[in-house]
Structure formats: structure tokens, C-alpha cells
Amino acid sequence: MLSVFVNRTYRHLFAAQVIALIGTGLATVALGLLAFDLAGSNAGVVMGTALAIKMIAYVGIAPIAAAFAERLPKRTMLVTLDVIRAGVALLLPFVSQIWEVYVLIFVLQAASAAFTPTFQATIPDVLPDEQDYTKALSLSRLAYDMESLISPMLAAALLTVMSFHNLFTGTVLGFLVSAILVVSVVLPSHAIPERRSIYDRTTRGIRIYLATPRLRGLLAVNVAVSAAASMVFVNTVVIIQGGMGLTQSAVALALASFGAGSMIAALALPSLLSKLTDRRVMLSGVGLLVVGMFAGTLMMGQNSLMALWFVLGLGYSAAQTPSGRLLWRSSHQEDRPALFAAQFALSHVSWLVFYPLAGWLGAHYSMTVAFAVLGGAAALAVWAAFRVWPSIDLTEIEHEHFNLPEGHIHATGSPTPNGIRHTHPFVVDDYHPRWPSSGH
């Protein structure tokens, strides 16, 4: 897996991702403490609102940012967004009103909504070989899981010698170092897309996404993942401290168990994906999530919870990590940023639904009901994925073009009464606006 670090550009980009993630993790801890400092017992409301603002920014900003940035050099865009995020983090320690927190969080998350899909869409250009890109996806998953473990421990250590306000300094440094690392490499150039209307550019990624059967399957997988994982992210502390009467360290152990499962799956995925299709691996992952959720209705104590969270971590990573391969396979280079932005936005719609639902079900009914309802939602999503994602998912598909002018780029192949029939790697674009029936 580490062989991809031979590529200097990828090595610097990966380091930029890791450092920015740690800085973001420190900001998450500091933001919770800032909310308590400003709002006291209402800090939960502040944090809940901040998370809602984050999700709204992710859903609304990503496609718009991709549309307006498609003509900008990627390196310039990524560095500018890192500098904006550093500037917001620099201001956060000085806020004195809750509304100021909300405004700054929106700006920060809007910049992240533009940065993350662009960054993700850059990696397959840097690592065009599918095996190398698969390794990069697994390393990215590992980076996210390691950040969730390292950042809280680092924040706890730093808080013994400084105030929480200084944690934002770590965030500023993280984004600035990320910008420096991006500046230090030359990113692959991409073709300048033809001029389109604002509407066309804004919706292009989503239209390609929804017109591609394997990506409609991915959308269903995203729903299943968010339904199951929301239970972990929202209710772990409630189950352990409220239901079992255990300590905060038990909460950390449970989340670490989930992270361990996710990391083990990420390490195994490059080998698995060389033998099995993306569809089989990802649907097996969400199937494991569904089984785990219904098993949660029978959960008894801490040890069973730890085992269950480990299993859910395995399914979570197996279902999510290969998604970049599907996006890469389903787009031309010039459409890739828009498609990654569509995935970013559409997947976060699910989180926006299931985060509050997980909390509401646990608070107003019981954890057993929450497991059952969210498990049922995940099961329906898995059923939909099986229905819309073809079991034989061909890359090259025979299809027909009608009424093509002589000399057209696609006017080659076997003549038919109305046009030309030929076969090539098929993606939805201007020349292929609909998926051919043979691809179903």
C-alpha cells in the first residue's frame, strides 16, 4: 500500500490532508469548549446548530463551488481555500457572541465544501493507475480514522498546558501547512471545459450522477451507511454513559473499537478489490451494517457493544472507501470535480436526515427502537442498491448514435439504418446523455 508514496505529488497531498485533518480535529474540540464558554448549559444547542450549518453548507455549496471553479487552476483554488479556512480559524478565539460563531462556521464549512471534492477529484489525476488509486482511497480512510483517535488525545494533552483558545492556533497552522504542501507540487493540468450556463454547470455533476446506474447504487449505499453510522456517532455516549452508567473512557474505547474495525477493513480493501468487484464489496459492507443494526436490538453489555461497534466499523469502511473508484470510472477528467461535488452533497443529505433522527428516536423512545428503525432504513436502502446497480456492471457498453453528421467524433463503428453502433468505455456526457438499455 505504501508504494504510492514514491509519487512525490501524492506524498505531499496526503501529508497536506493529514495535517489539515488534525487541525480540524483540534478545532472540533475547541469549538465545543467555546460553545460552553459562551452558552453554558445551552452549549448543546449551539453545537447542534453548528453541525446543522455544516451540513447545509456541504449540501448547498459543493455543487455551486464546483460550477464556478471549473475554470480555475486546481492548485490555486486549493491554496486559496486553505488560506480562507486558516483565516476563519484565526478569528474564532476572538468571538464573543453566538451568532458570530454561526457566521464563521458557515464560512469555514463553505470553504471545506469547495475544498474537499476538488481535492478528492485531484487524486485520480495524480494516480491514474486503478490499483494505485485504490491504495490511495484506503490510505485516505485510514487518515480519517486515525484523526478521530489522535486529535482528541492531542487536544487533551495540549489543554494541560494551555487554554482551549490556543487549540485554534493548531488549526490555523494545519491549514497553512496544508497550503504550503499544495504549493510545493505541480498538479496535472485538465482540459478547459466548454462554456455552459450557470444552471448547467451547477447541476451537471448531479445529472451525470443520477443518470449512471452504478452511481444510483452508490447513492443507496450512502443512505444505508448514514442510517447505520448515525447510530454510532450520535448515540454512543448516550448508550454508554446514560444507559450503562459507564465513564467517558468507556465511550472513547467504544469509538476506538469502531475506528479499529474501519481501519482493518481499509487495510484489507486493496487486496479484496483486486479479486472482487466494487459492487460485491460495497454491498457486502452495507449488508454487514444492516445485520449489525438488527443485532443491536439484542445488545446486552459493554463487551457486546464493543464487538458490535467493531463489526459496524468493518461494514462502514468496506461500503464507503471504494466510492471514489466508481466516480473515477463514471466520468471524464473535466467532469470529475463536478461529480465528486455531487457525491459530497448528496451523501451529506443523508447525514442531515439521519443525524437528528438517531438522536430523536433514542431520546423519545429507546435505543432498541432507534436500532430497529435505522436498521430498517438501511435495509430498504440496500434493497434499492441491489435493484438499481446492475450485477453485471460493464465499463465498455455497446450503444448506438443516431443522425450523426459526417466526420463526427462518434461516427465510427457498424452502420445501422438510423446511425452508428459501436463499443467503448461508456460515461454520461454531452454525446451520451442517457445510459443505454444494454447497460442495465
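User: Which side chain does Arg85 meet in a salt bridge?
Analyst: Asp82. This is a predicted model, and in it the salt bridge between Arg85 and Asp82 is 2.8 Å, N to O.

User: How many residues apart are those two, and in which helix?
Analyst: Three residues apart, in helix α3. That separates Arg85 and Asp82 by about one helical turn.

User: Is Asp82 buried or exposed?
Analyst: Buried, because its relative accessibility is 0%. Arg85 is buried too, with a relative accessible area of 5%.

User: How many salt bridges does the count come to?
Analyst: Seven salt bridges.

User: What about Lys74? Which side chain does that one meet?
Analyst: The side chain of Asp125. That salt bridge is 3.0 Å, N to O. Lys74 lies in helix α3, residues 74-91, and Asp125 lies in helix α4. So the pair ties together parts that are 51 residues apart in sequence.

User: Are Lys74 and Asp125 buried or exposed?
Analyst: Both are buried.

User: Now Asp278. Which residue is its partner in a salt bridge?
Analyst: Arg329, at 2.8 Å, N to O. Asp278 lies in helix α10, residues 278-296. Arg329 lies in helix α12, residues 323-329.

User: Is Asp278 buried or exposed?
Analyst: Buried, with a relative accessible area of 4%.

User: Which residues are joined into one network there?
Analyst: Glu130, Asp278, Arg325 and Arg329. They are joined by salt bridges that share partners.

User: Switching topic. How many helices and strands are in the protein chain?
Analyst: There are 14 helices and three strands.

User: And what share of the residues counts as buried?
Analyst: 51% of the 440 residues of the protein chain.

User: What about contacts between residues at least 6 apart in sequence?
Analyst: Among those in the protein chain, 81% join residues at least 24 apart.

User: Let's look at helix packing. How do α8 and α14 cross?
Analyst: Helix α8 covers residues 213-243, and helix α14 covers residues 367-388. Their axes come within 7 Å and cross at roughly 165°. Therefore α8 and α14 are roughly antiparallel to each other.

User: Is that crossing left-handed or right-handed?
Analyst: The crossing of α8 and α14 is left-handed.

User: Which residues make the contact?
Analyst: On α8 they include Pro213, Arg216, Gly217, Ala220 and Met231. On α14 they include Met367, Phe371, Leu374 and Val388.

User: How does that contact split by class?
Analyst: The contact of α8 with α14 has 20 nonpolar residues, two polar and one charged.

User: And how do α1 and α4 pack?
Analyst: At an angle of about 165°, with their axes 12 Å apart. Helix α1 is residues 8-39, and helix α4 is residues 98-126. That angle makes α1 roughly antiparallel to α4. α1 passes α4 in a left-handed crossing.

User: Which residues meet there?
Analyst: In α1, they are Thr9, Tyr10, Leu13, Gln17, Leu31, Leu34, Leu38 and Ala39. In α4, they are Ile98, Val101, Ile105, Phe119, Thr122, Ile123 and Val126.

User: How many of them are nonpolar, polar or charged?
Analyst: In the contact of α1 with α4, twelve are nonpolar, three are polar and none is charged.

Terms used
Residues numbered from 1 in each chain as written. Predicted model: local features only at pLDDT ≥ 70, side-chain atom pairs only at ≥ 80, totals over all residues. Heavy atoms only, no water. Axes fitted to C-alpha atoms, helices over the stretch in contact; angles between N-to-C directions. Helix = DSSP H or I, 4+ residues; strand = E, 2+ residues; numbered from the N terminus. Parallel < 35°, antiparallel > 145°, perpendicular 65-115°, else oblique. Left-handed = near helix turned anticlockwise from the far one by under 90°. Contact = heavy atoms within 4.5 Å. Nonpolar A, V, L, I, M, F, W, Y, C, P; charged D, E, K, R; others polar. Salt bridge = Lys/Arg side-chain N within 4 Å of Asp/Glu carboxyl O. Buried < 20%, exposed > 50% of the residue type's maximum accessible area, 1.4 Å probe, protein only.
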